[in-house]
Amino acid sequence: MIANERRLDRRAAMRTLLESRGDLLLVTGLGSTTWDAAAVGDDDRNFYLWGAMGAAAVIGLGLAIAQPGRRVLVVTGDGEMLMGLGALATIGVQRPPNLAVAVFDNGRYGETGMQASHTEQGVELVAIARACGFKETFDIVDELGLRDFAARVHNAATTLFARVAIRADEPRRVLPPRDGVFLKTRFRRAIGAE
Amino acid sequence: MSEPRKGELPDWRDEIFAALKAAEVRQVGYVPDAGHARLIELCRDDPELRAVPLTTEEEGVALAAGAWLGGQRAALLMQSSGVGNCVNMLSLIKTCRFPLVMLVAMRGEWAEFNPWQVPMGSRTQTALELCDVLVYRVERPEEAAETVTAALDIAYNGDLAAAVLLAQRLLGAKRWVK
């Protein structure tokens with residue numbers, strides 16, 4: 001367990017990941033990582049999940065396979081990742097080089113009252129990802145590590161997994177559009193798939 | 001895909017595979033099932049298709065959504081028990097109107113030996129319909145490929161979810177004692 005002072009601010013972390021995004025495609029999970037992405041700035045190439053808990057990483061997989069010429073970043077929370085842990089095994093087998101999965105880990109279920117998640121009790125997501133076959137993993141507790149990962153997202157030769165230790169706080173909610181058809185259609189248009 | 005020998009009818013599983021190819025399906029997510037064994041093998045052997053083994057069927061729903069976000073068509077292969085695993089994930093499909101095609105090998109119906117398969121098998125169609133998935137049932141081999149094609153057409157033309165249930169009578173009941 002890492003003391004709160006050695007954890008990153010979630011909004012600042014999302015800003016760093018998207019700072020030089022280029023043509024990066026972003027998938028965020030239910031719920032706080034979706035608000036984090038919206039706080040940085042809405043973008044047609046962001047696909048936000050408002051539901052379907054556990055889906056974020058595998059949506060990223062399908063997208064990365066379909067768009068091998070573009071980089072895909074999934075940012076989700078520890079609770080959302082824990083609900084679909086099998087996804088790490090599925091992605092570990094496929095390992096498209098253009099996919100990166102980052103988990104903002106505050107050890108809490110933020111949307112339901114900040115109850116402790118399994119990571120708070122010692123479950124190690126990075127160890128799970130490695131055991132599932134991810135060849136390049138990051139356990140990030142500071143800005144330097146985050147910047148290293150953010151750069152790697154754009155030039156990695158294998159699927160990346162990062163656990164980003166973030167503080168257990170609740171910044172003001174910034175809500176992106178929640179019409180699923182709108183989000184899907186504008187994303188597809190933005191990348192020329194529609 | 002091997003050509004059928006003279007005088008021999010083509011295998012319906014090969015015809016389903018040809019239907020997937022003709023519809024330009026590019027990703028196939030699957031949880032292994034005896035009824036889908038040959039189809040899975042054909043998909044894995046085809047360089048144009050990405051065959052993705054899943055740990056649970058709901059991953060396949062998310063995979064198909066991601067594929068379509070990126071402009072590719074997908075199909076999911078699963079057993080009827082797996083339909084139950086997909087229920088919440090189907091909210092993604094309905095809310096965003098993602099096209100989705102599921103090919104479901106039925107268990108728990110015709111001559112089933114294992115009673116543990118019956119609760120989900122006997123409610124597979126109902127569960128899918130509750131989630132607004134269109135359901136087509138195949139009982140005879142000659143209907144298989146055209147039904148899969150029809151499901152792909154309606155799903156990808158209309159941003160709808162469709163499932164093809166391959167009846168246990170068609171697949172043949174599992175042999176428990178060899």
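User: How many positive and negative side chains does chain B have, and how far apart do the centres of the two sets lie?
Analyst: Chain B carries 19 positive and 24 negative side chains, with the two centres 4 Å apart. Lys and Arg count as positive and Asp and Glu as negative, while His and the chain ends are not counted. Each charge is placed at NZ of Lys, CZ of Arg, CG of Asp or CD of Glu.

User: Before we continue, what kind of model is this, and how are residues numbered?
Analyst: This is a predicted model, in which local features need pLDDT of at least 70 and side-chain atom pairs count only at pLDDT 80 or more, whereas totals for chains, interfaces and linings use all residues. Residues are numbered from 1 along each chain as its sequence is written, chains are lettered from A and ligands numbered from 1 in the order in which they are written, and side-chain values use heavy atoms, leaving out hydrogens and water.

User: Which helices and strands does chain B have, in number?
Analyst: Chain B has nine helices and six strands; these are DSSP runs numbered from the N terminus, with at least four residues (H or I) for a helix and at least two (E) for a strand. Chain B is as compact as a globular protein of its length, because its radius of gyration is 15 Å, close to the 16 Å that the globule rule gives for 178 residues. That radius is taken over C-alpha atoms, and the rule is 2.2 Å times the number of residues to the power 0.38.

User: How much of chain B is buried?
Analyst: Of its 178 residues, 53% count as buried, meaning under 20% relative accessible area; exposed is over 50% and partly exposed lies in between (1.4 Å probe, protein chains only).

User: Where is B:Ala75, and what is it in contact with?
Analyst: B:Ala75 is in strand E3 (residues 73-79) of chain B and is buried, at 0% relative accessible area. Neighbours within four places in sequence aside, B:Ala75 is in contact (heavy atoms within 4.5 Å) with B:Leu20, B:Val25, B:Gln27, B:Val28, B:Gly29 and B:Val101. The C-alpha atoms of B:Ala75 and B:Arg26 are separated by 8.3 Å, and these residues are 49 apart along the chain.

User: On to backbone angles. Which phi does B:Glu24 have?
Analyst: B:Glu24 has a positive phi of about 60° although it is not a glycine. It is located in the loop between helix H1 (12-22) and strand E1 (25-30) of chain B. Most residues other than glycine have a negative phi, and most peptide bonds are trans.

User: And what about B:Asp159?
Analyst: B:Asp159, also not a glycine, has a positive phi of about 55°. Its place is in the loop between helix H8 (141-158) and strand E6 (161-166) of chain B, and B:Asp159 is partly exposed at 25% relative accessibility.

User: Which residues does the cis peptide bond in chain A join?
Analyst: The bond joins A:Leu30 and A:Gly31, with omega about -5°. A:Gly31 is in the loop between strand E1 (25-28) and helix H2 (32-40) of chain A.

User: Is A:Asn106 buried or exposed?
Analyst: A:Asn106 is buried, with a relative accessible area of 5%. It is found in the loop between strand E4 (99-105) and strand E5 (108-109) of chain A. A polar atom of the A:Asn106 side chain lies 3.0 Å from the backbone nitrogen of A:Arg108. Beyond four places in sequence, the contacts of A:Asn106 include A:Arg7, A:Asp78 and A:Glu120.

Conventions. Polar contact = N/O pair within 3.5 Å; in protein donor to acceptor, adjacent residues only side chain to side chain.
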